[in-house]
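This briefing is for a reader who has not seen the structure before. Look at the sequence and model first, then read the points below.

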2 protein chains.
Amino acid sequence: MKKQHITIHDIARELNISASTVSRALHNHPRISQSTRDAVQQLATSYNYQPNVMASSLRKGQSRTVGVIVPRINRNFFANVIGGMEEVLAASDYHLMICQTHEQLENEISAIKTLVNARVDAIILSISLETTDKEHIQTLIDKGIHLFFFDRIFEGINAGSVVIDDRLGAYMNVKHLLEQGYRNIMHVAGADHITIFRARKEGYIDAMAEAGIDVPPGWIMERSLIQEGGESAFLKGLELSTKPDAYFCAGDFAALGVMQAARKRGLTIPDDLGISGFANEPFTAFLNPSLTTVDQRGGEMGKIVAEMFLQCAERSSEQADCEKIVLKPELIVRNSSILNK
Amino acid sequence: MKKQHITIHDIARELNISASTVSRALHNHPRISQSTRDAVQQLATSYNYQPNVMASSLRKGQSRTVGVIVPRINRNFFANVIGGMEEVLAASDYHLMICQTHEQLENEISAIKTLVNARVDAIILSISLETTDKEHIQTLIDKGIHLFFFDRIFEGINAGSVVIDDRLGAYMNVKHLLEQGYRNIMHVAGADHITIFRARKEGYIDAMAEAGIDVPPGWIMERSLIQEGGESAFLKGLELSTKPDAYFCAGDFAALGVMQAARKRGLTIPDDLGISGFANEPFTAFLNPSLTTVDQRGGEMGKIVAEMFLQCAERSSEQADCEKIVLKPELIVRNSSILNK
DNA sequence: TAAAACTGTACAATCGATTGCGCAAAGTTT
DNA sequence: AAACTTTGCGCAATCGATTGTACAGTTTTA
């Protein structure tokens, strides 16, 4: 078996120069003569020399690795974001280290510990549903680790972030329902302490207010945004004094739940009941009727956070900035909300 | 700002002992007295000491990191696999470093270089469509890096692997179509040099043969397994002398393409044309009619590869083994293939 | 009681790359 | 020609943890 990895010392020995000269030559240090540089670089290439990342990381105190923490890797949106980040970061020779929290605070804390431990250069985070307290996140900033949020940010922590304008997305969504003629529009909301869900609720309220409708408390139903949540919200709607004629759900799976429950009760969509969701999960295009929803632009979001980090990393010391980027969401109108007037 | 990270030297200084003693104390080395151990461990805990992974990796020549290379992170199946791996590996304090190839050999090569460079302890790989040559993979084995495949393996390389029995999955799928009464069953196949796609084709041929049907060459249509591929295959089917009454597609997206093309032509599914796919993409449950398909058990696959690696890592030196695990696929019968006889 | 074995710890090298400093040789400036 | 500058490179320390070896003191064995 051949030597596993060659080092600058191997090259140095072969050329009868010192390892430090080799290192400098490889980095095109101006104090090294052109001839030495050429000789070193040529030999390095011919041996297919690859610097040991761990050694240089240790010395330089930075790992060229970015940690990512998401609730679940296998959720379409998060997978898209991660895919986008990987594309951008790989191009700049950064690695990605990925952890999932399964929406549990405990896992989030240990993921942060793990990543800090691995001395990642930055952590990109989308908080779990359980995260209501910022202590564990604050420690990152104290340690001088770059921190960025996407989608699910933690308010009150000064960090760069990329989100879509959830409020606007919800507003456009509900406005569309109103334009179709729906009036008694219920809202299946997510956990209120999560910024994005609160924003979606507010967008809903705004659109309704603009149409002169003052939303009664009972119309807003906070649920877990899964099918069961939608079902439960639909059943709750049956008990209301005002009959719902549409549902705007803060998540697509909840919308699916509403749709299935409604159909089970013999309602026709969109005629008897309009439905819209949020997230543009791939399945929504294939539902029957297809589901109106809002696209969150996951891939772009990932690319943008990654670029934000790269910029920060370049002008290193200047930690301050903390840009906050808000992307425009895209309303996708499909059949579940189109009334044939 | 407080000190960023504390080291064994800090602890050593505080207790007036040497760093090596601290290191041994933390590892419960028998030669260190109980009292010293206690003192060290207590101080370490109180300072929330975290060992510098890079330093110990450098020294020990292993990184406690596993590299994963997949065609695309944001494909449901791969995201599930990665999710499963993360769960298992995180529990054993291993990290995951992820690269995507976008189905391009060039990216696969550079991903391998990157990961080798980062001195990962193992690489878990699902090859790209372009990978027909094994040179870049073989180097891994030569360098003594553990290598595992999942789903898309490279035949002819001796490495651990986890796959589902694609042949059986296809066989069950087609057998089901035959039992429903379909006879002229076309097959939309994937690239033939990829093992899994060839296996699916063979399963198809086997099932047909068992029913006494000798598949004519024209019935097997090799396509890119995306919607357009399905559409194109459907159109091709119109030109055949024998009229197709069903399509078994090696991928769900191709099946979707067939379904949409067929519907555009006024065919009713499953009455005029039966359709089945492969992969159990989430959207298949929501198509109308819902799509019969085969589940690939991504999450389990990820967990199993991860465990396979952990076992290898424990009994370190014994590299040999190279277990090859084959999971039973699950046929999911839905409406797209159920004839009301 | 001398020799052997064990205990508890420190020293120093090591992993591989990086970098401040020093120094000699060559080149420039007054 | 004396006094700087620049050029080209090596030495040695450093990042933090690990580990082989040495060594003094204590205990056991023959």
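The model is predicted. Among the elements that cover the buried residues of H4(A) are helix H4 (53-60) and helix H6 (105-117), both of chain B. The points below take this helix and then DNA strand D.

**Helix H4 of chain A**

- Helix H4 of chain A spans residues 53-60, and its buried residues are A:Val53, A:Met54 and A:Ser57.
- These residues lie on the same side of H4(A), because the arc they cover around the axis is only 90°.
- An α-helix has 3.6 residues a turn, so residues three or four places apart point the same way.
- The N-terminal end of H4(A) is capped by A:Asn52, with a side-chain oxygen 2.8 Å from the backbone nitrogen of A:Met54.

- Of the atoms of DNA strand D that come within 4 Å of the protein, 49% belong to sugar and phosphate.
- The residues of this surface comprise seven nonpolar, 13 polar and five charged.
- At least two residues each come from helix H2 (19-26) and H4 of chain A, and from helix H1 (8-15), helix H2 (19-26) and H4 of chain B.

- The side chain of A:Ser20 has an N or O atom 3.1 Å from a base nitrogen of DNA strand D.
- For the side chain of A:Arg24, an N or O atom is 3.2 Å from a base oxygen of DNA strand D.
- A phosphate oxygen of DNA strand D lies 2.7 Å from an N or O atom in the side chain of A:Thr36.

Conventions: Residues numbered from 1 in each chain as written. Chains lettered and ligands numbered in written order. Predicted model: local features only at pLDDT ≥ 70, side-chain atom pairs only at ≥ 80, totals over all residues. Heavy atoms only, no water. Buried < 20%, exposed > 50% of the residue type's maximum accessible area, 1.4 Å probe, protein only. Helix = DSSP H or I, 4+ residues; strand = E, 2+ residues; numbered from the N terminus. Arc of directions from axis to C-beta. Contact = heavy atoms within 4.5 Å. Polar contact = N/O pair within 3.5 Å; in protein donor to acceptor, adjacent residues only side chain to side chain. Near = heavy atom within 4 Å. Nonpolar A, V, L, I, M, F, W, Y, C, P; charged D, E, K, R; others polar.
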